[in-house]
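Me: I would like to learn how to read a few features of a protein model, starting with a sheet and ending with charged side chains. Could you take me through them one at a time?

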Amino acid sequence: MNDDEEYAYGMDISVLKFINPIDITDTTDQDYPSIYDSTAKTITYEKAIPNYVYIATNSYTFYINSRGGYMKYAIYLNGDEEVETHNPLFVNNNCEKTSEDYYICDDAIYYGDTIDTEDIVENILAKIFNLADYTLTSVKIVPPTANLNLTTDTDTVKKGTALADAGFTLEFYFDLDEDVKTPDTGFFTANNKGLIAGISTITLSMASIIVYLSHYLVNRQKAKVKFNKD
């Protein structure tokens, strides 16, 4: 939307869950000239939308925060006990990389901003965390009644726009891939039972410990994440 274009900045009242458009009696703001379309249920401002939109109804008067809201991310990495102890990992919206290892983020979201969880995973989360061995299994919006207009709402993909006073957290659930959790070590396959029977108990135990430690060190290396606390 362009502030220089007359009546280009607007708000769709019909999608606000806490206001019945039928009850609206006044939207006049002398500092921000506007036009209210009772048919389309929209308020369109001449030059700029105010920080707080005035709406009077038959029962209540609302001052809706048109520019402010928040969107945060909570990341759950499941399947590795060492990593799970840190769940959830929180990341704010609008992250900007400042160096090789650090990001500066804020959680602001505005009326009309686009929400695309696929884009968030690819362009934000995957650049902060090592997700190569993880599969996204679920995306949840908390609270589920957040003031959003969703165009796509599946188990793993949420897309849409933020409405007025939208404050919510996107929870991303990732599971460690099965081939990473239980690698084929070669010790317990159906084709080499005779060979296993001939190995002494001590030797087999030592081999198992070596395999476990190797797997543990690999997962620990993959789990290293740097955080920048303000």
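Reply: Let us begin with a term that we shall need at once: two strands are said to pair if DSSP finds at least two bridges between them. Please keep in mind throughout that this is a predicted model.

Me: In what order do the four strands of the open sheet stand?

Reply: The order is β8-β7-β15-β12, and the pairing within this open sheet is mixed. The strands β8 (89–92) and β12 (134–142) stand at the edges with a single partner strand each, so one side of each is left without a neighbour in the sheet. From one strand to the next, the twist averages 25 degrees.

Me: Now for the charges: what is the general idea behind a salt bridge, and how many are counted here?

Reply: Side chains of opposite charge can pair when their charged atoms come close. The rule applied here asks for a side-chain nitrogen of Lys or Arg within 4 Å of a carboxyl oxygen of Asp or Glu, and by this rule the count comes to four salt bridges. One of them joins the side chains of D107 and K72, at 3.8 Å from N to O. This pair links distant parts of the chain, 35 residues apart, with D107 in the loop between β10 (103–105) and β11 (114–116), and K72 in strand β7.

Me: Which residues are linked in a network of salt bridges?

Reply: The network links D116, E118 and K159. Within it, the side chains of D116 and K159 meet at 4.0 Å, N to O. Because D116 lies in strand β11 and K159 in strand β14 (residues 158–162), the pair ties together parts that are 43 residues apart in sequence. D116 is partly exposed at 23% relative accessibility, and K159 is partly exposed with a relative accessible area of 25%.

Me: What is the N to O distance between K158 and D153?

Reply: The distance is 2.5 Å, and the side chains of K158 and D153 meet there in a salt bridge. K158 is buried, with a relative accessible area of 9%.

Me: Finally, where is D29 found, and what does D29 touch?

Reply: D29 is found in the loop between β2 (24–26) and β3 (34–37), and is buried, with a relative accessible area of 18%. A polar atom of the D29 side chain lies 3.1 Å from the backbone nitrogen of D31. Not counting residues up to four places away in sequence, D29 touches P50 and Y52.

Terms used. Residues numbered from 1 in each chain as written. Predicted model: local features only at pLDDT ≥ 70, side-chain atom pairs only at ≥ 80, totals over all residues. Heavy atoms only, no water. Helix = DSSP H or I, 4+ residues; strand = E, 2+ residues; numbered from the N terminus. Axes fitted to C-alpha atoms, helices over the stretch in contact; angles between N-to-C directions. Buried < 20%, exposed > 50% of the residue type's maximum accessible area, 1.4 Å probe, protein only. Polar contact = N/O pair within 3.5 Å; in protein donor to acceptor, adjacent residues only side chain to side chain. Contact = heavy atoms within 4.5 Å.
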